[in-house]
Amino acid sequence: MADVHRLDPISRVSGTTTVYGAWERFVQGEDDISGVRPEVAISWHRCRDQYRVDPGLKEAPIAVAEVDHTLEHDVVFADLGFRAASVAHEVANVGGIVTVTDATGRVLAEWGDPSTRKLAADANLATWFCWSEQATGTNGMGTALETHAPVMIRGAEHWCQAFHEWTCAGVAVRDVVTKDPIAVLNISCWRGELPSPAGAWLANAATRTQATLRQRAQDGSAELIAAFSHARSRAGVSLAAVDPAGRVVIADDTASVLLGVPSCTPAKDPAVRWNPGLPEFISAARYAAKQASRNPDWVGSTQLFTHLSDEPTPVTMRPVFLAGHLVGNLVFFGVSDGEQLPRGESAQQHGPPHRIVGTRENRMVLLKLPEISFAESDGNDVWLTTDQGKLRAASGSLEKLESEQGDAGFLRVHRRYVVNLGRIREVERRFKGELVLIMDDGASTMVPVSRRNAPAVRRALDI
């Protein structure tokens, strides 16, 4: 890590003394980040502890990653380019520039004030250079790729000292099914504030672009349901149709029991599709979608545990396409055909985050996984019972917690609870065979296990 030197007064115009002081301490290894916005503090932790970005970096590296993207992504790039060009003159009038990047943070195009573009070029804020957090630290484009909301990064909130004179705001356009980022639209200004309508304009541009993706996803659902109906009349086995994210669009009577979802009830809207609550199944479906997107003739099979089953069930996954675009897979239960999914390959492609973020009033608490006993859903909030007390999770989704931490010993045991298996102290069997988990959270909280999740709990605890 490069030595950190104090900025002179001119170079600190864009960042407050409080934030700069916190940044200075943090890059030296301290964890005191009081006065820093939670989303920025989380980004700093990624940059220092996970990506190990040098805070003394003075320019973005050239983009070298090969990008797999579809024609649909090209449509998004073109749409965002049109929207960026349409406001380029207005942004240039206040000394700003507009950029569009792909999902890797590679700058695809840039418009705006010529003098600002010249300054930006000194830091490689230009086409073909990479502004992901992993490459260039906290910044509007890279941090937008890591979050699900528009972001603004001011002055010393940037991870790299050389960028402290910039203010930028970015928003990611994401696939409405997988939630993976496709592109980022960003506005940057040097030694000045962004135009007041910038935030609203970015959010509106992303919303309009994603509306096209949402309609495409609904068309894909219709194609999946049609393929399901056709295969159901011929297959003679239990069957479900899932989207590329592993969520269920429709399932027959038997498959609905195995997956724990409603029977023969189509879910066309990508925002309300059925979550089977089976991390291994979801990972396998995502792996199958990735393979099929590269090879349309790919068919794969594996064995997976399902709800209400103590033994693994063979499954085969066959891709479904609409106009050359993968819309999901048909899942045949009790059938083993095609290429075997490699063990471990169908699991999470990236290791789970080392920390979970909780909040208390206006403070962010970075929790190590062993500190968390269990998570409980309460309306729109998720509450974490931890060694530091009860905290609201920064991510308000049990599904996200289960998906990210399933490989780290966290298990969904009830529609309202995800538990840390390492923090279960006792298991109580009730009169009718129900299971209740007694946690070691200090209060010996009793967490119920639903009937459909009981087999998975017994397997996990080997009881």
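This is a predicted model: local features need pLDDT of at least 70, side-chain atom pairs count only at pLDDT 80 or more; totals for chains, interfaces and linings use all residues.

Q: Fine. Which strands make up the open sheet, and in what order?
A: Three strands make up that open sheet, in the order 19-20-21, and the pairing is antiparallel.

Q: And which strands stand at the edges?
A: Strand 19 (424–429) and strand 21 (446–448) do. Each has a single partner strand, so one side of each is left without a neighbour in the sheet.

Q: What does the twist average from one strand to the next?
A: The average is 30 degrees.

Q: How many bridges hold strand 19 and strand 20 together?
A: Five bridges, in the antiparallel sense, with strand 20 covering residues 435–439.

Q: What kind of bonds are we talking about when strands pair up?
A: Backbone hydrogen bonds, and the strands of a sheet can be parallel or antiparallel.

Q: Which helix lies across strand 19 and strand 20?
A: Helix 11, residues 454–461, which runs at about 50 degrees to strand 20.

Q: What comes after helix 11?
A: D462 lies in that segment. Its phi is positive, near 55 degrees, and D462 isn't a glycine.

Q: Is D462 buried or exposed?
A: Exposed: the relative accessible area of D462 is 72%, and the cut-off for exposed is over 50%.

Q: Where does R191 sit, then?
A: R191 is in the loop between strand 5 (181–190) and helix 7 (198–235). R191 has a positive phi near 55 degrees as well, again in a residue other than glycine. With a relative accessible area of 38%, R191 is partly exposed.

Q: Changing topic: how many residues of strand 14 are buried?
A: Six of the seven, over residues 372–378, so strand 14 is largely enclosed by the rest of the structure.

Q: Which strands does strand 14 pair with?
A: Strand 15 (residues 381–386) is one of them, antiparallel over six bridges. Strand 18 (residues 417–420) also pairs with strand 14 in the antiparallel sense, over three bridges.

Q: What about the turn in the hairpin of strand 14 and strand 15?
A: There are two residues between the strands, and G379 takes a positive phi near 65 degrees in that hairpin.

Q: Tryptophans next. Where is W166, and is it buried or exposed?
A: W166 is in strand 4 (residues 166–174). W166 counts as buried because its relative accessibility is 8%, and the cut-off for buried is under 20%.

Q: What's the C-alpha separation of W166 and A120?
A: 9.4 Å, for two residues 46 apart along the chain.

Q: And W128, where is that one?
A: W128 is in the loop between helix 4 (114–122) and helix 5 (133–136). W128 is exposed, at 56% relative accessible area.

Q: Which residues make the nonpolar surface patch?
A: I62, V64 and W128 make it, and the patch is about 390 Å².

Notes. Residues are numbered from 1 along each chain as its sequence is written. Side-chain values use heavy atoms; hydrogens and water are left out. Patches are made of residues with over 30% relative accessible area and no salt bridge: like charges are joined within 9 Å, nonpolar side chains (Val, Leu, Ile, Met, Phe, Trp, Tyr) within 5 Å. Accessible areas come from the Shrake-Rupley method with a 1.4 Å probe; for residues, only the protein chains shown count as cover. A salt bridge is a side-chain nitrogen of Lys or Arg within 4 Å of a carboxyl oxygen of Asp or Glu. Helices (H or I, at least four residues) and strands (E, at least two) are DSSP runs, numbered from the N terminus. Buried means under 20% relative accessible area, exposed over 50%, partly exposed in between (1.4 Å probe, protein chains only). Two strands pair if DSSP finds at least two bridges between them. Axes are lines fitted to C-alpha atoms, for helices over the stretch in contact, and angles run from 0 to 180 degrees between N-to-C directions. Contact means heavy atoms within 4.5 Å.
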